[in-house]
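Hi,

Here is the structure I promised to pass on to you. Have a look at it first, and then read my notes below.

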Amino acid sequence: MKRKFVIAAVTAAVLVGGTAATAVAFADDDGHDRETRSSVKSGATARTGVEEAVTAAVKAVPGTVTEAELDDEDGGLVWELDVYGSDKVWHDVTVDAGNGKVLGKHVSDDEGDDDRDRYTPRSAPVSLDAAVDAALKAQSGTVTSVDLDDDDNRSGKALHWEVDVRGEDGKQHELNVDAGTGRVTVDRSDDDHGDDD
């Protein structure tokens, strides 16, 4: 998703010793505050892993991360995270994939998200960190996406973590980690995606 940045410059002419002070704020096209763009260009390797991105997001918004996805935004590589805050409100947090700094955070405006309406993250005994560890034991590589999902009405699956791993073989592997037991299975429904992911 490309975002257009609007630069709002507020200049306060404070004449102290003949100098003027200028404050610059950045906002995306949705009006959400953002500090800056990612320090890593699209197509590069993320220097900040999912664990560091989760830690940064939870420092910015105390709560539980239910989704983390490595994403290309405005030509830079970022982690987009969904956090169910301790305030019982959903938040979106963007973390720089290069240096782990929080680039932006705001209350989520994703109304009507089926998964969010059905459960809270506290209903998952297996944490995101434990799910990532289990997935990486089953398939070594780099995690590119983690999502707590409840497909039970659609495919018979219980609450589980969907973990995408870019393997050392260069292929994308999609794994499911049961949110109750930690058992890892390969997501066979996505086998036809091949190397295009």
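T185 touches E174, L175 and N176, leaving out residues up to four places away in sequence; contact here means heavy atoms within 4.5 Å. The C-alpha atoms of T185 and E174 are separated by 8.9 Å, and the two residues are 11 apart along the chain. T185 lies in strand β10, where strands (E, at least two residues) and helices (H or I, at least four residues) are DSSP runs numbered from the N terminus. The cut-offs are under 20% for buried, over 50% for exposed and partly exposed in between, with a 1.4 Å probe and protein chains only.

Before you go further: this is a predicted model, so local features need pLDDT of at least 70 and side-chain atom pairs count only at pLDDT 80 or more, while totals for chains, interfaces and linings use all residues. Residues are numbered from 1 along each chain as its sequence is written, and side-chain values use heavy atoms, with hydrogens and water left out.

Now the sheet. β10 is one of 8 strands in an open sheet with antiparallel pairing, in the order β6-β5-β4-β3-β7-β8-β9-β10. Two strands pair if DSSP finds at least two bridges between them. The edge strands, β6 and β10, each pair on one side only. On average, neighbouring strands are turned by 25 degrees against each other, direction ignored; the axes are lines fitted to C-alpha atoms, for helices over the stretch in contact, and angles run from 0 to 180 degrees between N-to-C directions. Between β4 and β5, which run antiparallel, there are 7 bridges, and L81 has V93 in β5 as its bridge partner.

What does α1 touch in the sheet? It packs on β3, β4, β5, β6 and β7, and the direction of α1 makes about 50 degrees with that of β4. In α1, the buried residues are V50, A53, V54, A56 and A57. They sit on the same side of α1, because they cover an arc of only 165 degrees around the axis, taking the directions from the helix axis to the C-beta atoms. As background, an α-helix has 3.6 residues a turn, so residues three or four places apart point the same way. The cover over the buried residues of α1 includes β3, β4, β5, β6, α3 and β7.

Helix α3 (residues 128-138) has L128, A131, V132, A134 and A135 buried. Their arc is also only 165 degrees, which puts them on the same side of α3. Among the elements covering them are α1, β3, β7 and β8.

Next, the largest nonpolar core: it has 34 residues, and those with the most contacts inside it are V50, W79, L81, V95, V146, W161 and V163. Such a core is a set of buried Ala, Val, Leu, Ile, Met, Phe, Trp, Tyr and Cys residues joined through side-chain atoms within 4.5 Å. The elements giving two or more residues to this core are α1, β3, β4, β5, α3, β7, β8 and β9. Leaving aside neighbours within four places in sequence, V95 is in contact with residues including A53, A56, W79 and L81.

P62 is partly exposed at 46% relative accessible area, and touches G85 and S86, not counting residues up to four places away in sequence.

Cheers
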